[in-house]
Amino acid sequence: GLLEFYDSSEQMANIGGLVTLKEWLRKRVRAFGDDARKFGLPEPKGIMLVGVQGCGKSLVAKAVANSWRLPLLRLDVGRLFTSLVGSSEENLRSAIKVAESIAPVVLWVDEIEKGFSGVGSSNVSDAGTAARVFGSFITWLQEKNAPVFVISTANDVSQLPPELVRKGRFDEIFFVDLPTMADRVDIWKIHLARRDREPADFDTQTLAMASEGLSG
């Protein structure tokens, strides 16, 4: 119940905007192959996506797994924590063991700040359980050798412990903002095509102007 398998059919072409992020991912599409190992390239650790709700963070995770032809596992951080002493730490070890056993794999940790936001007061609130689980998780992020590409998403960066976002845990941290004018044009075209409409028949520029300030 900790890990959920996603059979994703999303494509990078289904994501409007986010040009820098998509280019970064495109360059690493062959990073898990044997050729990369022979050349001496290390496997990418993962990325963190922070920003506004509804702007494509989860969509990116699904599209990465599909475009890289890797299985996608979603880890629910909230389910790690149980009332039994020691069970939460064991849950994390079990989840990591499963992910590593089917590597190479994309591990999607959704809304990570909700699981680890109380780490600072953990000694008072839960006898240090959250702090121990968090410590084990960031140590694994830093030291893991198995080709597990971690995509963490977060809506509220202010709730993230500073140890999580320091260099070395993830390859890069991307901020996903509300779509720009050009991004909104792309998004309108994508959704019109999904509904069997011809985007060229619509004034997407006017639609994009009318949707300023809206998420994807």
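A contact is defined here as heavy atoms within 4.5 Å. In this predicted model, residues 24 or more positions apart account for 80% of the contacts with a separation of 6 or more. Local features need pLDDT of at least 70, side-chain atom pairs count only at pLDDT 80 or more, and totals for chains, interfaces and linings use all residues. Residues are numbered from 1 along each chain as its sequence is written, and side-chain values use heavy atoms, with hydrogens and water left out.

The protein has 9 helices and 6 strands. Both are DSSP runs numbered from the N terminus: helices are H or I of at least four residues, strands are E of at least two. The radius of gyration, taken over C-alpha atoms, is 19 Å. Along the principal axes, the C-alpha atoms fill a box of roughly 60 × 45 × 30 Å. Of the 216 residues, 43% count as buried, that is, under 20% relative accessible area with a 1.4 Å probe, protein chains only.

Nonpolar side chains tend to be buried together in soluble globular proteins. A nonpolar core is a set of buried Ala, Val, Leu, Ile, Met, Phe, Trp, Tyr and Cys residues joined through side-chain atoms within 4.5 Å. The largest such core has 28 residues. Leu 107, Val 109, Ile 112, Phe 137, Trp 140, Val 150 and Leu 164 have the most contacts inside it. Elements giving two or more residues to this core include strand 2, helix 4 (87-101) and strand 5. Its largest share, 6 residues, comes from helix 7. Trp 140 touches Ile 96, Glu 100, Leu 107, Val 148 and Val 150, leaving aside residues up to four places away in sequence. Another core, of 24 residues, lies apart from the largest one. Among its members are Leu 49, Leu 72, Trp 108 and Val 176.

Helix 3 (residues 57-67) has as its buried residues Lys 57, Val 60, Ala 61, Ala 63, Val 64 and Ala 65. Their cover includes helix 1 (19-27) and strands 2 (46-51), 3 (72-75), 4 (105-109), 5 (148-154) and 6 (172-176). Just after helix 3, Arg 69 takes a positive phi of about 55 degrees.

Ser 152 lies in strand 5. This serine is buried, with a relative accessible area of 0%. Residues up to four places away in sequence aside, Ser 152 touches Ile 47, Met 48, Leu 49, Val 109, Ile 112 and Phe 170.

Methods
The radius of gyration is taken over C-alpha atoms; the globule rule is 2.2 Å times the number of residues to the power 0.38. Buried means under 20% relative accessible area, exposed over 50%, partly exposed in between (1.4 Å probe, protein chains only).
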